[in-house]
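This report describes the fold and packing of one protein model.

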Amino acid sequence: MERVLHLASQRAVVIFTVSTCSMCHAIKTFFSDMGVNPTIHELDQDPRGRDMERALVRLLGRNPAVPAVFIGGQLIGRTDRVMSLHLSGKLVPLLREAGAIWL
């Protein structure tokens, strides 16, 4: 858990993913299209990825736990939560506040 929270606090936007996950690919593309350069942690390519995935399941209360998006060090959640924030107009202000975009 500590490793996940530490990594999540290091950059404005951090996404934990699995390289074979289509929703992970979609969320990475979504942020890239918005002009955000997130830090991506591919759990299936990290020797400690399984432990981090278990920690994310505990944090999210859901399995699978990816993609797990953190903005400004705070857990936002998975794709559904990110899209909900976007559609309600709350995502861009969060990204600005975190310094992820300058619009």
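## Aromatic pairs

Phe31 is buried, at a relative accessible area of 0%; buried here means under 20% relative accessible area, exposed over 50%, and partly exposed in between, with a 1.4 Å probe and protein chains only. Phe30 also counts as buried, because its relative accessibility is 17%. The model is predicted: local features need pLDDT of at least 70 and side-chain atom pairs count only at pLDDT 80 or more, while totals for chains, interfaces and linings use all residues. Residues are numbered from 1 along each chain as its sequence is written, and side-chain values use heavy atoms, with hydrogens and water left out.

How many aromatic pairs does a search of the whole structure find? There are two, where rings of Phe, Tyr and Trp (its six-membered ring) pair if their centres lie within 6.5 Å, and planes under 30 degrees apart count as stacked, over 60 as edge-to-face and the rest as tilted. Phe16 and Phe70 form an edge-to-face pair, because their ring centres are 5.7 Å apart and their planes stand at 75 degrees. Phe16 belongs to strand 1 and Phe70 to strand 3, so this pair ties together parts that are 54 residues apart in sequence. Both Phe16 and Phe70 are buried. The rings of Phe30 and Phe31 have centres 5.5 Å apart and planes at 70 degrees, so that pair is edge-to-face too.

## The sheet

Helices (H or I, at least four residues) and strands (E, at least two) are DSSP runs, numbered from the N terminus. Four strands make an open sheet in the order 2-1-3-4, with mixed pairing; two strands pair if DSSP finds at least two bridges between them. Strand 2 (39-42) and strand 4 are the edge strands, each pairing on one side only. From one strand to the next, the twist averages 25 degrees. Axes are lines fitted to C-alpha atoms, for helices over the stretch in contact, and angles run from 0 to 180 degrees between N-to-C directions.

Strand 1 and strand 2 are parallel, with four bridges, and Thr17 has Glu42 of strand 2 as its bridge partner. Strand 1 and strand 3 pair in the antiparallel sense, also over four bridges; Val14 is bridged to Phe70 in strand 3. Strand 3 and strand 4 are antiparallel over three bridges, with Val69 opposite Gly77 in strand 4. Their hairpin has two residues between the strands, and Gly72 takes a positive phi near 60 degrees there. Strand 3 is covered on both faces: Ala68 and Phe70 are buried on one side, Val69 and Ile71 on the other.

## Helix 3

Helix 3 (residues 49-60) has 12 residues and spans 16 Å from first C-alpha to last, close to the 16 Å expected at 1.5 Å a residue; the expected span is 1.5 Å times one less than the number of residues. Gly61, which follows helix 3, has a positive phi near 70 degrees.

Which residues of helix 3 are buried? They are Gly49, Met52, Glu53, Ala55, Leu56 and Leu60. Seen down the axis of helix 3, these buried residues fall within an arc of 160 degrees, so they line one face of the helix; the arc is that of the directions from the helix axis to the C-beta atoms. The face turned away from the buried side of helix 3 carries the exposed residues Arg50 and Arg58. The buried residues of helix 3 pack against helix 1 (2-8), strand 1 (13-17), strand 3 (68-71) and strand 4 (74-77), where contact means heavy atoms within 4.5 Å.
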